[in-house]
Amino acid sequence: MTSLFRLTLALLLLTAPVGTRAQTTPVAALSNQITQAETDLRAVDRALDQRVENDERSALRAKAVAAQQAARASAGKLEEQLALVDARVEGLGPVAAGTTEAPEIQRERASLAQERGALDAAVKRGRLIDVEAQQLLDEMQRSETEQLNERLSAQAASPLTPAFWRAVLAAVPRDLRRIDLFLSQGAAQIRSQRDGGLPWQALLGGLLAVLFLFPLRVLSRQFGQRYLIGSAPGHRVRRSAYALWRVLVGTVMPLLGAVFLVQGFRWAGLFPERWAGLLDGLVYATGFSAFTAALAGAVLMRQQPSWRVAPIADITADRVRPLSWLLAGLTFASILIESFNASVGASRAAVTATQALEASLHILLIGAFLFLLGRLRAERAGREDASSLSTSAGLGIVTLVAWALIAVAVISLLLGYIGLSLFVARLVIWMVILAAALYLLMGGADDMATTLFKRDSRLGNAMIRGIGLRGSVVDQFGVLLSGVLRLALVLVGLSLLMFPFGGGGGLGSLFGRLGTFVQGIEIAGVAISPGAILRAVVVLFVGLALVRAFMSWLEGRYLPATDLDGSGRNSVSLVARYVGIALAIIWALASLGIGVERIALLLSALSVGIGFGLQAITSNFVSGLILLAERPIKIGDWIRVGLDEGDVKRISVRSTEITLPDHSTLIVPNSELITKSVLNKTLSSPLGRIQIQFSVLLGTDVERVLRIVLDAFAAEPAVLDDPAPVAFVDAILDGRILFNCFAHVGSPRDAYGARSNIFVTLLKQFRDEDIDIGTVPQRLALAPGEPMPFAPTPGPNNNNSPP
């Protein structure tokens, strides 16, 4: 009980206004944060007055997003304090005409007015900075788009024309001199540092690079595999986790090796400052190419097919793996060449020539992959089953789109749009890499969520036993969590689609939009944000848990101690459950900022719909409440509705369930039980009655017949002694004596079987006593010498032959 009280108190504090549960941040500190955000935003604005590169623009965007979020958060906190001040001013009320307030009230009113003015000004400044930051972010986005369009639309001479090669040859001498100067500066720096002593920092960096690249990478991969075999829950989780672990190890280890190598060169001072761009390019090229190779290895798993996540055949993995190594080498060379051209200061013709070469190599590599994929599909077409037709069709559409993009790249290259050609080729490769990474991440998220949150898992059993959830709820939560995680991964992937090409803003733009989304929107005076929704969901969850705990106490402890029967307990339990759920929902809406008056307004608006479309549901609901309150029908009653009769098993606020004798269930809307005639055989008494009617010939000993009937009633165990069985002479009609006999059993459910047993006993006794209970026999006598009135024709189908 103590822990439950603490939990309730914590939630009450959670749903309470900010100013009542914690000390608010001082206004001066929040104003300083807004001022700092304004200063940072002005610095970004001044930096944009000059031409900025992509790296600088990314840093400026991050700075602007941080300033925007800081200003927005500070303005939000100031608005909360402003609301508190307004509440205090409203508490003082207006100054009555012709009256003079006390001096302390006047001072308090003046202080509140001054405080409100400062808060209002600070809030307006924060909102203005928020708007200005968004304008700067939009401006940077437009600038990036314009630069990308400029690069893609730039046209040079076609590589097939002599003008292209003349420009390249004309620039060769100057480019060679620049390269020679660049290399000579590096060589001179190396000689000067070598003469000063052994560059042990460079040697140490090289040694660490070799260690990270080979033994540590292999050992880390093997360690992860052994750990997953011993501890990961389920084969699917082990496969997905091992694939992601391979990507992580295969990327981080070579990247750390390159970082230590370059840092060793810098610590030793072996290269001049001019080589910094090339060295940074070496680190970036190593990291990206290692990521590409590790990702392809994790998807293909050529050496470990049992750990393969993707449904790829062994022959496909064997043939595609060499192409993945070529792709990793091509990406490494492309990044390194671009860094070399930028460091050397290569001419425009040389840069264009290298871009044309890169575009050609990319196109050839993609074409080789598509040709290989087509051959593999053709080989598999003969043995393809029906289940893989949809997958094959989807792969065919993707292949067709890839060929179309390659055609665009080739045509652009031949027409001189080299930037566009390289962009399309790199975009195809980047989409393949991004799709492979998303495939592994989404598969891992799905496997992790659906394996951990499963009814027979360790965590699922803990949730079922500790919280009282149903197994299906745990399974549904795992599926929903998997869907949410995969949707988030898809959104991140879409934001990264244009990131390598200087468009879309990448993760910084995504997080900026997420920051705007997290702040929420205001609808009809109610602030709707993910945080508020999450808080309302938590409050609703805890409220329902409290209702469940209360219902467990009510049904298990309190109601058994009362004098109510089972039906009465069900009525109290059902009403208490619905009231508790309604209170939990109201509590959750209150934590969301929706008061009771807004709920009443919503219900009044819904009354129109209730009057038209929901009339039947409302009628059944009200009828259910009447049944629970007046209890004309209770659980366990034997009732007849129309031509069907059976046991009442469940009464809810919408319908009543009746179990019929053939074990089927009849679901009757509650309005049918209130507005129409219903026969309740156990409402006033739970007894059932047996009625037996028969007739004997006139002249039969009546007392003997009555004694046989009463003895048959007495011999049946189901017949009650109180009320006692009775037998009556009902009438004398058409030469027969009619008897009407009655007996009672403990329940109407026992009447049919007991009646059958009594019939069997009576038939046996009447036969033994030679008492005829059949019809009066008819005899036909013919006078001698008279012909028969009819002459039947003998035959098997003659139904008129005498017996």
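**Nonpolar cores, aromatic pairs and a helix contact**

Leaving aside residues up to four places away in sequence, Phe423 is in contact with Leu148, Leu152, Met498 and Phe501. This description, like the rest of the passage, refers to a predicted model. Phe423 also belongs to the largest nonpolar core, which holds 55 residues, and it is named there with Leu295, Ile366 and Leu440 as the residues that touch the most other members. At least two residues of this core come from each of the helices H5 (103-153), H6 (162-195), H9 (235-268), H10 (276-300), H11 (314-344), H12 (348-381), H13 (389-415) and H14 (418-452). The greatest contribution is that of H14, which gives 14 residues to this core. Apart from it lies another core, made up of 24 residues, including Leu78, Val85, Leu119 and Val123. In soluble globular proteins, nonpolar side chains tend to be buried together.

Aromatic rings were examined next. The search of the whole structure returns 17 aromatic pairs. In one of them, the ring centres of Phe550 and Trp553 are 5.8 Å apart and the ring planes stand at 35°, so the pair is classed as tilted. Both residues belong to helix H18 (residues 530-558), where Phe550 and Trp553 are three residues apart, or about one turn of the helix. Phe550, with a relative accessibility of 39%, counts as partly exposed, and Trp553, at 44%, counts as partly exposed as well.

Another pair is formed by Phe694 and Phe766, whose ring centres are 5.4 Å apart and whose planes are at 50°, so that this pair, too, is tilted. Because Phe694 lies in strand S8 (residues 688-697) and Phe766 in helix H24 (residues 751-768), the pair ties together parts that are 72 residues apart in sequence. Both Phe694 and Phe766 are buried. Elsewhere, ring pairs join Phe182, Phe265, Phe271, Trp275 and Phe340 into a cluster.

On the side of H7 the contact is made by Val210, Leu211, Phe212 and Leu213, and on the side of H8 by Pro215, Leu216 and Arg217.

Conventions
Residues are numbered from 1 along each chain as its sequence is written. This is a predicted model: local features need pLDDT of at least 70, side-chain atom pairs count only at pLDDT 80 or more; totals for chains, interfaces and linings use all residues. Side-chain values use heavy atoms; hydrogens and water are left out. Rings of Phe, Tyr and Trp (its six-membered ring) pair if their centres lie within 6.5 Å; planes under 30 degrees apart count as stacked, over 60 as edge-to-face and the rest as tilted. Helices (H or I, at least four residues) and strands (E, at least two) are DSSP runs, numbered from the N terminus. Buried means under 20% relative accessible area, exposed over 50%, partly exposed in between (1.4 Å probe, protein chains only). Contact means heavy atoms within 4.5 Å. A nonpolar core is a set of buried Ala, Val, Leu, Ile, Met, Phe, Trp, Tyr and Cys residues joined through side-chain atoms within 4.5 Å.
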